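Here are some notes to read alongside the model, written for someone opening it for the first time. Please keep the viewer at hand and follow the points in order.

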Amino acid sequence: MYNSNPGTPVVDSQRNLRPFRNSSRKGLTIIIKIGTSSICDEVTHFTKLSTLSQLVETIVELKNNGNDVILVTSGAVGTGLRRLNQATKPKVISKIQAIAAVGQGKLMSQYDDLFDQFNQPIAQVLLTRNDLTERSQYLNACATFEELLNMNVVPIVNENDTISVAELRFGDNDTLSAITAGMVNADYLFLLTDVDALYTDNPRINPESKAIHEVDDISKLRSEISFTSSGSSLGTGGMATKLIAAELATAAGCKTVILSGKQPSDIIKVLDYAKEHPNEPPILGTHFKAKANPMVDRKWWIMYGLATNGKLYIDKGAVNAIALHKSSLFAAGIKEVEGNFNAHESVLMVYRHKNEDGSIKEIEIGKGLVTYTSTEINRIKGHKSKDIYNLLGYMDSDFVIHRANIAIMLTDEDKHIINLEEQCTCKDDKN
(Lines give C-alpha, C1' and ligand atoms only; values in the text may rest on other atoms or scores of the structure.)
Protein backbone atom coordinates (compact mmCIF):
# COMPACT_ATOMS: atom_id res chain seq x y z
CA MET A 1 0.00 0.00 0.00
CA TYR A 2 1.44 3.37 -1.01
CA ASN A 3 1.70 5.97 1.75
CA SER A 4 2.05 9.53 0.49
CA ASN A 5 2.60 10.92 3.99
CA PRO A 6 5.51 9.27 5.84
CA GLY A 7 4.19 10.66 9.10
CA THR A 8 1.01 8.64 8.76
CA PRO A 9 1.17 4.94 9.65
CA VAL A 10 0.31 2.41 6.98
CA VAL A 11 -2.52 0.31 8.36
CA ASP A 12 -4.91 -2.16 6.78
CA SER A 13 -8.33 -0.94 5.82
CA GLN A 14 -9.58 -4.19 7.37
CA ARG A 15 -7.19 -4.18 10.31
CA ASN A 16 -9.90 -4.89 12.87
CA LEU A 17 -10.77 -8.17 11.21
CA ARG A 18 -9.11 -11.56 11.44
CA PRO A 19 -7.48 -12.54 8.10
CA PHE A 20 -10.37 -14.70 6.94
CA ARG A 21 -13.12 -17.05 7.90
CA ASN A 22 -13.87 -19.63 5.24
CA SER A 23 -17.56 -18.77 5.02
CA SER A 24 -18.32 -21.22 2.18
CA ARG A 25 -18.29 -24.12 4.66
CA LYS A 26 -20.40 -24.60 7.74
CA GLY A 27 -17.84 -26.61 9.66
CA LEU A 28 -14.88 -25.69 11.84
CA THR A 29 -11.37 -24.64 10.94
CA ILE A 30 -9.04 -27.03 12.76
CA ILE A 31 -5.26 -27.01 13.16
CA ILE A 32 -3.60 -30.28 14.17
CA LYS A 33 0.04 -30.27 15.30
CA ILE A 34 1.79 -33.58 15.74
CA GLY A 35 5.20 -33.87 17.38
CA THR A 36 8.28 -35.81 16.35
CA SER A 37 7.93 -38.29 19.23
CA SER A 38 4.47 -39.22 17.95
CA ILE A 39 5.74 -39.78 14.39
CA CYS A 40 9.21 -41.33 14.79
CA ASP A 41 10.58 -43.93 17.16
CA GLU A 42 13.08 -42.19 19.42
CA VAL A 43 15.68 -44.96 19.10
CA THR A 44 15.29 -46.49 15.62
CA HIS A 45 13.81 -43.36 13.94
CA PHE A 46 11.43 -45.60 12.00
CA THR A 47 8.14 -43.92 11.17
CA LYS A 48 5.21 -44.99 13.33
CA LEU A 49 3.02 -45.86 10.37
CA SER A 50 0.06 -46.93 12.49
CA THR A 51 -0.08 -43.51 14.16
CA LEU A 52 0.44 -41.70 10.87
CA SER A 53 -2.31 -43.76 9.22
CA GLN A 54 -4.73 -43.06 12.05
CA LEU A 55 -3.92 -39.35 11.83
CA VAL A 56 -4.65 -39.32 8.10
CA GLU A 57 -7.92 -41.21 8.60
CA THR A 58 -8.93 -38.73 11.32
CA ILE A 59 -8.23 -35.74 9.07
CA VAL A 60 -10.19 -37.30 6.21
CA GLU A 61 -13.14 -37.96 8.53
CA LEU A 62 -12.99 -34.37 9.81
CA LYS A 63 -13.09 -33.10 6.24
CA ASN A 64 -15.95 -35.44 5.34
CA ASN A 65 -17.86 -33.84 8.22
CA GLY A 66 -17.48 -30.43 6.56
CA ASN A 67 -14.45 -29.08 8.44
CA ASP A 68 -11.30 -27.41 7.13
CA VAL A 69 -8.09 -28.99 8.44
CA ILE A 70 -4.46 -27.85 8.43
CA LEU A 71 -1.73 -30.20 9.63
CA VAL A 72 1.45 -28.85 11.23
CA THR A 73 3.94 -31.69 11.32
CA SER A 74 7.30 -32.34 12.89
CA GLY A 75 9.43 -35.35 12.01
CA ALA A 76 11.67 -34.13 9.17
CA VAL A 77 14.87 -34.54 11.21
CA GLY A 78 13.87 -37.95 12.59
CA THR A 79 12.90 -39.18 9.13
CA GLY A 80 16.17 -37.83 7.73
CA LEU A 81 18.20 -39.65 10.35
CA ARG A 82 16.49 -42.91 9.41
CA ARG A 83 17.06 -42.31 5.69
CA LEU A 84 20.76 -41.59 6.27
CA ASN A 85 21.17 -44.41 8.82
CA GLN A 86 22.43 -42.02 11.49
CA ALA A 87 21.85 -42.95 15.13
CA THR A 88 21.77 -39.56 16.84
CA LYS A 89 20.73 -36.02 16.07
CA PRO A 90 23.84 -33.83 15.59
CA LYS A 91 24.39 -30.58 17.45
CA VAL A 92 25.73 -28.51 14.53
CA ILE A 93 22.91 -26.44 13.00
CA SER A 94 24.06 -26.85 9.40
CA LYS A 95 24.09 -30.64 9.78
CA ILE A 96 20.62 -30.66 11.34
CA GLN A 97 19.34 -28.51 8.46
CA ALA A 98 20.89 -30.86 5.89
CA ILE A 99 19.27 -33.86 7.58
CA ALA A 100 15.94 -32.02 7.68
CA ALA A 101 16.22 -31.40 3.94
CA VAL A 102 16.59 -35.14 3.36
CA GLY A 103 13.79 -36.03 5.76
CA GLN A 104 11.28 -33.40 4.59
CA GLY A 105 10.90 -34.95 1.15
CA LYS A 106 10.62 -38.45 2.57
CA LEU A 107 8.06 -37.34 5.17
CA MET A 108 5.90 -35.60 2.57
CA SER A 109 6.09 -38.68 0.36
CA GLN A 110 4.72 -40.79 3.20
CA TYR A 111 1.89 -38.33 3.81
CA ASP A 112 1.10 -38.18 0.11
CA ASP A 113 0.91 -41.97 -0.15
CA LEU A 114 -1.45 -42.21 2.83
CA PHE A 115 -3.74 -39.34 1.80
CA ASP A 116 -3.80 -40.66 -1.76
CA GLN A 117 -5.59 -43.78 -0.49
CA PHE A 118 -8.56 -41.48 0.16
CA ASN A 119 -8.08 -39.38 -2.97
CA GLN A 120 -7.29 -36.40 -0.71
CA PRO A 121 -4.92 -33.77 -2.20
CA ILE A 122 -2.30 -32.19 0.05
CA ALA A 123 0.05 -29.21 -0.22
CA GLN A 124 3.41 -28.54 1.42
CA VAL A 125 3.75 -25.13 3.11
CA LEU A 126 7.17 -24.22 4.51
CA LEU A 127 7.39 -21.08 6.64
CA THR A 128 9.94 -19.00 8.53
CA ARG A 129 9.35 -15.89 10.62
CA ASN A 130 10.90 -13.90 7.80
CA ASP A 131 7.89 -14.82 5.65
CA LEU A 132 5.63 -12.97 8.08
CA THR A 133 7.70 -9.88 8.90
CA GLU A 134 6.27 -7.87 6.01
CA ARG A 135 2.56 -7.24 6.39
CA SER A 136 1.96 -7.90 2.68
CA GLN A 137 3.77 -11.25 2.91
CA TYR A 138 1.74 -12.18 5.99
CA LEU A 139 -1.54 -11.39 4.20
CA ASN A 140 -0.36 -13.27 1.11
CA ALA A 141 0.33 -16.32 3.29
CA CYS A 142 -3.17 -16.02 4.78
CA ALA A 143 -4.64 -15.79 1.26
CA THR A 144 -2.71 -18.89 0.18
CA PHE A 145 -4.13 -20.89 3.08
CA GLU A 146 -7.60 -19.65 2.19
CA GLU A 147 -7.27 -20.73 -1.43
CA LEU A 148 -5.90 -24.15 -0.49
CA LEU A 149 -8.80 -24.77 1.88
CA ASN A 150 -11.29 -23.57 -0.73
CA MET A 151 -9.79 -26.12 -3.15
CA ASN A 152 -10.42 -28.87 -0.57
CA VAL A 153 -6.67 -29.34 -0.07
CA VAL A 154 -5.05 -30.27 3.26
CA PRO A 155 -2.09 -27.88 3.80
CA ILE A 156 0.80 -29.62 5.58
CA VAL A 157 2.92 -27.01 7.35
CA ASN A 158 6.46 -27.21 8.66
CA GLU A 159 9.17 -24.71 9.48
CA ASN A 160 11.66 -24.29 6.65
CA ASP A 161 14.46 -25.89 8.67
CA THR A 162 16.76 -26.13 5.65
CA ILE A 163 17.37 -22.38 5.31
CA SER A 164 16.00 -20.67 8.43
CA VAL A 165 18.52 -19.05 10.78
CA ALA A 166 18.20 -18.80 14.56
CA GLU A 167 16.85 -15.26 14.69
CA LEU A 168 14.19 -16.06 12.07
CA ARG A 169 13.00 -19.36 13.55
CA PHE A 170 9.68 -19.94 15.25
CA GLY A 171 11.64 -22.10 17.68
CA ASP A 172 9.44 -25.17 17.50
CA ASN A 173 6.35 -26.39 15.71
CA ASP A 174 4.14 -25.74 18.75
CA THR A 175 4.68 -22.02 18.18
CA LEU A 176 4.33 -22.43 14.42
CA SER A 177 0.99 -24.18 14.84
CA ALA A 178 -0.29 -21.36 17.05
CA ILE A 179 0.85 -18.74 14.52
CA THR A 180 -0.92 -20.72 11.80
CA ALA A 181 -4.07 -20.88 13.94
CA GLY A 182 -4.05 -17.10 14.26
CA MET A 183 -3.43 -16.61 10.54
CA VAL A 184 -6.48 -18.65 9.49
CA ASN A 185 -8.74 -17.71 12.41
CA ALA A 186 -8.98 -21.36 13.50
CA ASP A 187 -11.65 -22.60 15.88
CA TYR A 188 -9.48 -25.36 17.38
CA LEU A 189 -5.78 -26.07 17.74
CA PHE A 190 -4.97 -29.66 18.73
CA LEU A 191 -1.45 -30.26 20.07
CA LEU A 192 -0.75 -33.99 19.81
CA THR A 193 2.09 -34.96 22.11
CA ASP A 194 3.53 -37.88 24.09
CA VAL A 195 1.22 -37.32 27.09
CA ASP A 196 -2.56 -37.42 27.19
CA ALA A 197 -2.99 -34.15 29.11
CA LEU A 198 -1.30 -31.49 31.20
CA TYR A 199 -0.57 -32.72 34.74
CA THR A 200 0.09 -31.06 38.09
CA ASP A 201 3.48 -32.83 38.07
CA ASN A 202 5.42 -35.21 35.84
CA PRO A 203 3.20 -38.35 35.79
CA ARG A 204 6.21 -40.52 34.89
CA ILE A 205 7.86 -39.59 38.18
CA ASN A 206 5.00 -38.69 40.49
CA PRO A 207 2.07 -41.15 40.42
CA GLU A 208 0.05 -38.74 42.57
CA SER A 209 -0.02 -36.09 39.83
CA LYS A 210 -3.44 -35.25 38.44
CA ALA A 211 -4.58 -34.34 34.95
CA ILE A 212 -5.74 -30.75 34.37
CA HIS A 213 -8.68 -30.87 31.97
CA GLU A 214 -9.60 -27.20 31.70
CA VAL A 215 -7.58 -23.98 31.93
CA ASP A 216 -9.04 -20.47 32.11
CA ASP A 217 -5.93 -18.49 33.08
CA ILE A 218 -2.56 -19.57 31.65
CA SER A 219 -0.61 -16.97 33.64
CA LYS A 220 -2.08 -18.28 36.90
CA LEU A 221 -1.30 -21.85 35.84
CA ARG A 222 2.34 -20.93 35.24
CA SER A 223 2.64 -19.42 38.70
CA GLU A 224 1.26 -22.54 40.36
CA ILE A 225 2.98 -25.31 38.39
CA SER A 226 6.55 -25.64 37.11
CA PHE A 227 6.99 -26.74 33.51
CA THR A 228 10.59 -27.63 32.77
CA SER A 229 10.37 -30.64 30.45
CA SER A 230 12.46 -30.18 27.34
CA GLY A 231 10.88 -32.72 25.05
CA SER A 232 12.33 -35.86 23.46
CA SER A 233 15.82 -36.33 22.04
CA LEU A 234 14.45 -35.80 18.52
CA GLY A 235 12.01 -32.98 19.23
CA THR A 236 12.58 -29.36 20.19
CA GLY A 237 9.64 -28.68 22.47
CA GLY A 238 8.25 -29.70 25.83
CA MET A 239 5.22 -28.85 27.95
CA ALA A 240 6.45 -25.26 28.37
CA THR A 241 6.23 -24.71 24.62
CA LYS A 242 2.69 -26.10 24.64
CA LEU A 243 1.71 -23.35 27.08
CA ILE A 244 3.29 -20.70 24.88
CA ALA A 245 1.38 -22.07 21.89
CA ALA A 246 -1.87 -22.12 23.89
CA GLU A 247 -1.31 -18.51 24.94
CA LEU A 248 -0.76 -17.40 21.35
CA ALA A 249 -3.70 -19.32 19.93
CA THR A 250 -6.23 -18.43 22.65
CA ALA A 251 -5.30 -14.74 22.24
CA ALA A 252 -6.52 -15.10 18.64
CA GLY A 253 -9.80 -16.65 19.81
CA CYS A 254 -8.79 -20.27 19.13
CA LYS A 255 -9.57 -23.01 21.65
CA THR A 256 -6.47 -25.14 22.26
CA VAL A 257 -6.40 -28.80 23.30
CA ILE A 258 -3.47 -31.00 24.36
CA LEU A 259 -4.06 -34.67 23.47
CA SER A 260 -2.05 -37.87 23.19
CA GLY A 261 -0.44 -38.37 19.80
CA LYS A 262 -0.92 -42.12 20.15
CA GLN A 263 -4.65 -41.77 19.50
CA PRO A 264 -5.30 -39.04 16.88
CA SER A 265 -8.88 -40.28 16.59
CA ASP A 266 -9.51 -38.77 20.04
CA ILE A 267 -9.89 -35.45 18.19
CA ILE A 268 -13.22 -36.72 16.85
CA LYS A 269 -14.29 -37.71 20.37
CA VAL A 270 -13.40 -34.29 21.75
CA LEU A 271 -15.37 -32.45 19.07
CA ASP A 272 -18.38 -34.76 19.38
CA TYR A 273 -18.42 -34.42 23.17
CA ALA A 274 -18.16 -30.61 22.96
CA LYS A 275 -21.09 -30.54 20.54
CA GLU A 276 -23.26 -32.88 22.61
CA HIS A 277 -22.31 -31.45 26.04
CA PRO A 278 -21.58 -27.75 25.41
CA ASN A 279 -21.94 -26.74 29.06
CA GLU A 280 -19.98 -29.59 30.64
CA PRO A 281 -16.23 -29.74 31.35
CA PRO A 282 -14.10 -31.85 28.97
CA ILE A 283 -13.12 -35.40 29.82
CA LEU A 284 -10.22 -35.89 27.38
CA GLY A 285 -6.99 -33.90 27.24
CA THR A 286 -6.36 -30.39 28.53
CA HIS A 287 -8.52 -27.59 27.10
CA PHE A 288 -7.47 -23.94 27.08
CA LYS A 289 -10.42 -21.62 26.67
CA ALA A 290 -10.27 -19.06 23.88
CA LYS A 291 -10.24 -15.40 24.85
CA ALA A 292 -13.72 -13.91 24.89
CA ASN A 293 -12.39 -10.76 23.22
CA PRO A 294 -9.62 -11.94 20.89
CA MET A 295 -6.92 -9.54 19.75
CA VAL A 296 -7.69 -7.99 16.36
CA ASP A 297 -5.63 -9.25 13.46
CA ARG A 298 -3.11 -6.44 13.07
CA LYS A 299 -2.39 -6.23 16.79
CA TRP A 300 -2.10 -10.03 16.98
CA TRP A 301 0.33 -10.02 14.04
CA ILE A 302 2.49 -7.39 15.75
CA MET A 303 2.42 -9.24 19.07
CA TYR A 304 2.96 -12.81 17.88
CA GLY A 305 3.73 -12.90 14.18
CA LEU A 306 6.83 -10.70 14.33
CA ALA A 307 10.19 -11.37 15.91
CA THR A 308 11.26 -8.77 18.50
CA ASN A 309 14.25 -6.77 17.29
CA GLY A 310 14.99 -4.53 20.28
CA LYS A 311 13.68 -2.80 23.40
CA LEU A 312 12.57 0.69 24.34
CA TYR A 313 12.63 1.47 28.06
CA ILE A 314 9.91 4.02 28.77
CA ASP A 315 8.88 6.17 31.74
CA LYS A 316 5.69 5.93 33.78
CA GLY A 317 4.07 8.82 31.94
CA ALA A 318 4.45 6.96 28.66
CA VAL A 319 3.05 3.80 30.26
CA ASN A 320 0.01 5.77 31.42
CA ALA A 321 -0.51 7.28 27.99
CA ILE A 322 -0.18 3.98 26.12
CA ALA A 323 -2.02 1.64 28.51
CA LEU A 324 -4.79 3.90 29.78
CA HIS A 325 -5.33 6.42 26.99
CA LYS A 326 -4.42 4.37 23.90
CA SER A 327 -1.89 7.02 22.97
CA SER A 328 1.06 6.79 20.59
CA LEU A 329 4.58 6.55 22.00
CA PHE A 330 6.51 9.81 21.73
CA ALA A 331 10.24 10.35 22.06
CA ALA A 332 9.79 12.27 25.33
CA GLY A 333 8.70 9.09 27.12
CA ILE A 334 11.70 7.00 26.05
CA LYS A 335 14.58 6.65 28.52
CA GLU A 336 16.81 4.01 26.91
CA VAL A 337 17.19 2.06 23.67
CA GLU A 338 18.46 -1.53 23.51
CA GLY A 339 19.46 -3.36 20.35
CA ASN A 340 19.94 -2.39 16.71
CA PHE A 341 16.85 -2.20 14.55
CA ASN A 342 15.47 -0.44 11.51
CA ALA A 343 12.32 1.60 11.03
CA HIS A 344 9.08 -0.44 10.75
CA GLU A 345 10.52 -3.32 12.80
CA SER A 346 8.93 -4.69 15.97
CA VAL A 347 10.30 -3.70 19.38
CA LEU A 348 9.32 -4.38 22.98
CA MET A 349 8.34 -1.51 25.28
CA VAL A 350 9.55 -2.07 28.84
CA TYR A 351 9.09 -0.19 32.14
CA ARG A 352 11.59 -0.54 34.97
CA HIS A 353 9.71 -0.65 38.28
CA LYS A 354 11.61 -0.21 41.53
CA ASN A 355 10.39 -2.61 44.23
CA GLU A 356 10.23 -1.74 47.93
CA ASP A 357 13.42 -3.74 48.57
CA GLY A 358 15.27 -1.69 45.96
CA SER A 359 15.33 -4.41 43.31
CA ILE A 360 14.24 -3.63 39.76
CA LYS A 361 11.43 -5.49 37.98
CA GLU A 362 11.23 -5.14 34.21
CA ILE A 363 7.59 -5.07 33.15
CA GLU A 364 6.74 -5.65 29.49
CA ILE A 365 4.17 -3.08 28.38
CA GLY A 366 3.66 -4.13 24.77
CA LYS A 367 5.11 -4.41 21.30
CA GLY A 368 5.00 -1.96 18.44
CA LEU A 369 6.34 -1.01 15.02
CA VAL A 370 8.80 1.89 15.21
CA THR A 371 8.92 4.76 12.71
CA TYR A 372 12.60 5.48 13.39
CA THR A 373 15.78 3.38 13.61
CA SER A 374 17.49 2.59 16.92
CA THR A 375 20.21 5.13 16.12
CA GLU A 376 17.65 7.86 15.45
CA ILE A 377 15.67 7.04 18.59
CA ASN A 378 18.86 7.23 20.65
CA ARG A 379 19.27 10.82 19.44
CA ILE A 380 15.70 11.97 20.06
CA LYS A 381 14.84 10.02 23.25
CA GLY A 382 13.66 12.24 26.09
CA HIS A 383 12.98 15.16 23.75
CA LYS A 384 9.74 16.80 22.65
CA SER A 385 8.47 16.11 19.17
CA LYS A 386 9.07 19.73 18.16
CA ASP A 387 12.82 19.14 18.68
CA ILE A 388 13.10 16.12 16.35
CA TYR A 389 13.82 18.14 13.22
CA ASN A 390 16.68 20.02 14.86
CA LEU A 391 18.13 16.81 16.30
CA LEU A 392 17.95 14.71 13.10
CA GLY A 393 17.77 17.30 10.35
CA TYR A 394 14.43 15.84 9.28
CA MET A 395 11.21 14.53 10.85
CA ASP A 396 9.39 11.53 9.41
CA SER A 397 6.71 11.68 12.12
CA ASP A 398 6.08 13.29 15.49
CA PHE A 399 5.72 9.88 17.20
CA VAL A 400 8.04 6.90 17.58
CA ILE A 401 5.26 4.28 17.54
CA HIS A 402 1.74 5.12 16.38
CA ARG A 403 -1.10 3.85 18.55
CA ALA A 404 -2.47 1.76 15.64
CA ASN A 405 0.81 -0.16 15.65
CA ILE A 406 0.92 -0.90 19.40
CA ALA A 407 -0.20 -4.21 20.92
CA ILE A 408 -0.58 -4.01 24.71
CA MET A 409 0.56 -7.00 26.77
CA LEU A 410 0.28 -5.42 30.24
CA THR A 411 -1.54 -7.67 32.74
CA ASP A 412 -3.88 -6.50 35.50
CA GLU A 413 -1.26 -7.58 38.04
CA ASP A 414 1.37 -5.45 36.31
CA LYS A 415 -1.01 -2.47 36.25
CA HIS A 416 -1.44 -2.86 40.00
CA ILE A 417 2.32 -3.04 40.56
CA ILE A 418 2.95 0.07 38.49
CA ASN A 419 -0.04 1.84 40.09
CA LEU A 420 -1.12 3.48 36.86
CA GLU A 421 -2.71 6.90 37.23
CA GLU A 422 -5.98 7.87 35.66
CA GLN A 423 -4.54 11.20 34.54
CA CYS A 424 -1.88 10.90 31.84
CA THR A 425 1.23 12.91 32.64
CA CYS A 426 2.64 13.01 29.12
CA LYS A 427 -0.31 13.84 26.91
CA ASP A 428 1.48 16.94 25.63
CA ASP A 429 4.62 15.06 24.56
CA LYS A 430 4.07 15.83 20.89
CA ASN A 431 4.03 19.52 21.68
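1. Buried here means under 20% relative accessible area, while exposed means over 50% and partly exposed lies in between, with a 1.4 Å probe and protein chains only. The buried residues are A76, V77, G78, T79, G80 and L81. Their cover includes α4 (93–116) and β4 (154–159). After α3 comes N85, which has a positive phi near 55 degrees. Helices are DSSP runs of H or I with at least four residues, strands are runs of E with at least two, and both are numbered from the N terminus.

2. A word on what you are looking at. This is a predicted model, in which local features need pLDDT of at least 70 and side-chain atom pairs count only at pLDDT 80 or more, whereas totals for chains, interfaces and linings use all residues. Residues are numbered from 1 along each chain as its sequence is written, and side-chain values use heavy atoms, leaving out hydrogens and water.

3. Now the overall picture. The protein has 15 helices and 15 strands, and 51% of its 431 residues count as buried. Among contacts with a separation of 6 or more, 75% are between residues 24 or more positions apart; contact means heavy atoms within 4.5 Å. The accessible surface is about 20500 Å², and 47% of this belongs to carbon and sulfur atoms. Such areas come from the Shrake-Rupley method with a 1.4 Å probe, and for residues only the protein chains shown count as cover.

4. Next, find the open sheet of eight strands, ordered β3-β4-β2-β1-β5-β9-β10-β8 with mixed pairing. Two strands pair if DSSP finds at least two bridges between them. At the edges are β3 (122–127) and β8 (214–215), each pairing on one side only. β8 and β10 run parallel and are joined by two bridges, and E214 stands opposite H287 in β10.

5. Within this sheet, which strand holds Y188? Y188 is in β5 (residues 188–193). Y188 counts as buried because its relative accessibility is 11%. Y188 and K255 are 67 residues apart in sequence, yet their C-alpha atoms are 4.9 Å apart in space. Leaving aside residues up to four places away in sequence, Y188 touches L28, T29, I30, I31, C254, K255, V257, L271 and A274.

6. T286 counts as buried because its relative accessibility is 0%. A polar atom of the T286 side chain lies 2.5 Å from the backbone oxygen of I212. Residues touching T286, not counting those up to four places away in sequence, include A197, L198, H213 and V215.

7. Helix α10 lies across β1 (29–34), β5, β9 (255–260) and β10, at about 140 degrees to β5. Angles run from 0 to 180 degrees between N-to-C directions, and axes are lines fitted to C-alpha atoms, for helices over the stretch in contact. The axes of α2 (residues 49–64) and α10 (residues 266–276) come within 9 Å and cross at roughly 35 degrees. Here T58, E61 and L62 in α2 meet I267, I268 and L271 in α10.

8. Finally, turn to the open sheet of five strands, ordered β12-β11-β13-β14-β15, again with mixed pairing. Its edge strands are β12 (334–338) and β15 (406–408), each pairing on one side only. Neighbouring strands are turned by 30 degrees against each other on average, direction ignored. Helix α12 (residues 316–325) packs on this sheet, touching β11 (311–314), β13, β14 and β15, and its direction makes about 105 degrees with that of β11.

9. How is β13 placed, and why is it largely enclosed by the rest of the structure? Seven of the nine residues of β13 are buried, so the strand is largely enclosed. Three bridges join β13 to β11, with the two running parallel, and L312 has M349 in β13 as its bridge partner. β13 (residues 346–354) runs antiparallel to β14 (residues 360–369), with nine bridges between them. Y351 stands opposite I363, and H353 stands opposite K361. The two strands form a hairpin with five residues between them, and G358 in the turn has a positive phi of about 95 degrees.

Technical notes: Polar contact = N/O pair within 3.5 Å; in protein donor to acceptor, adjacent residues only side chain to side chain.
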